[in-house]
Amino acid sequence: MPRDDDKERLAILQGTLDVLILRTLIFGPQHGQGIARAIQTTSNDELLVEHGALYPAVQRLEGRGWIEAAWGTSDNNRRARFYTLTRSGRTHLTRESNRWMRLATAMARVLGHEGHKG
């Protein structure tokens with residue numbers, strides 16, 4: 001059953017989710033549930049990644065050669081696919097992170113949170 005605050009969480013755009021997944025994997029291999037949990041935790045519960053969005057995203061990233069997957073055992077002794085960032089994924093993450101930081105800075109300026117002159 002959805003909580004009321006679930007409606008207030010921010011929607012994640014496809015390109016955004018790719019960057020969030022890649023960024024999460026910079027810290028080491030992780031399975032899908034772990035990726036989703038890390039994004040939610042790191043965002044202070046603002047971003048909730050639905051499984052219906054996560055798994056197509058990791059498949060897309062794997063198809064592009066930005067991540068690799070291997071079977072392993074999760075902390076709760078279940079078989080799971082663990083995803084790892086590749087060298088080309090790291091390069092893509094750097095490029096996309098720079099683009100997102102520029103966008104966030106520009107949005108903050110337009111919204112009046114940075115460099116506001118009265």
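**Overall build**

The model is predicted. The chain has 118 residues, and 29% of them count as buried. It holds 4 helices and 3 strands. Read from the N terminus, their order is α-β-α-α-β-β-α. Contacts across the sequence matter for the picture that follows. Among contacts with a separation of 6 or more, 51% join residues 24 or more positions apart. The accessible surface of the chain is about 8500 Å². Carbon and sulfur atoms make up 52% of that surface.

**Salt bridges**

The structure contains 4 salt bridges.

| Pair | Distance (N to O) |
|---|---|
| R64 and D18 | 3.9 Å |
| E62 and R81 | 3.1 Å |
| E96 and R99 | 2.9 Å |

Start with R64 and D18, whose side chains meet in a salt bridge. This pair links distant parts of the chain, 46 residues apart. R64 sits in the loop between α3 (51-63) and β2 (67-73). D18 belongs to helix α1 (residues 14-25). Their surroundings can be compared by accessibility. D18 has a relative accessible area of 6%, so it is buried. R64 has 46%, so it is partly exposed.

Next comes the bridge between E62 and R81. E62 lies in helix α3 and R81 in strand β3 (residues 79-85), so this bridge ties together parts 19 residues apart in sequence. E62 counts as partly exposed because its relative accessibility is 29%. R81 is partly exposed too, at 26%.

E96 counts as buried, with 13% relative accessibility.

**A nonpolar patch**

Helix α4 spans residues 87-111, and L111 has its place there. L111 is also part of a nonpolar surface patch. Is L111 buried or exposed? L111 has 58% relative accessibility. Exposed means over 50%, so L111 counts as exposed.

Note on methods
Residues are numbered from 1 along each chain as its sequence is written. This is a predicted model: local features need pLDDT of at least 70, side-chain atom pairs count only at pLDDT 80 or more; totals for chains, interfaces and linings use all residues. Side-chain values use heavy atoms; hydrogens and water are left out. Patches are made of residues with over 30% relative accessible area and no salt bridge: like charges are joined within 9 Å, nonpolar side chains (Val, Leu, Ile, Met, Phe, Trp, Tyr) within 5 Å. Accessible areas come from the Shrake-Rupley method with a 1.4 Å probe; for residues, only the protein chains shown count as cover. Helices (H or I, at least four residues) and strands (E, at least two) are DSSP runs, numbered from the N terminus. Buried means under 20% relative accessible area, exposed over 50%, partly exposed in between (1.4 Å probe, protein chains only). Contact means heavy atoms within 4.5 Å.
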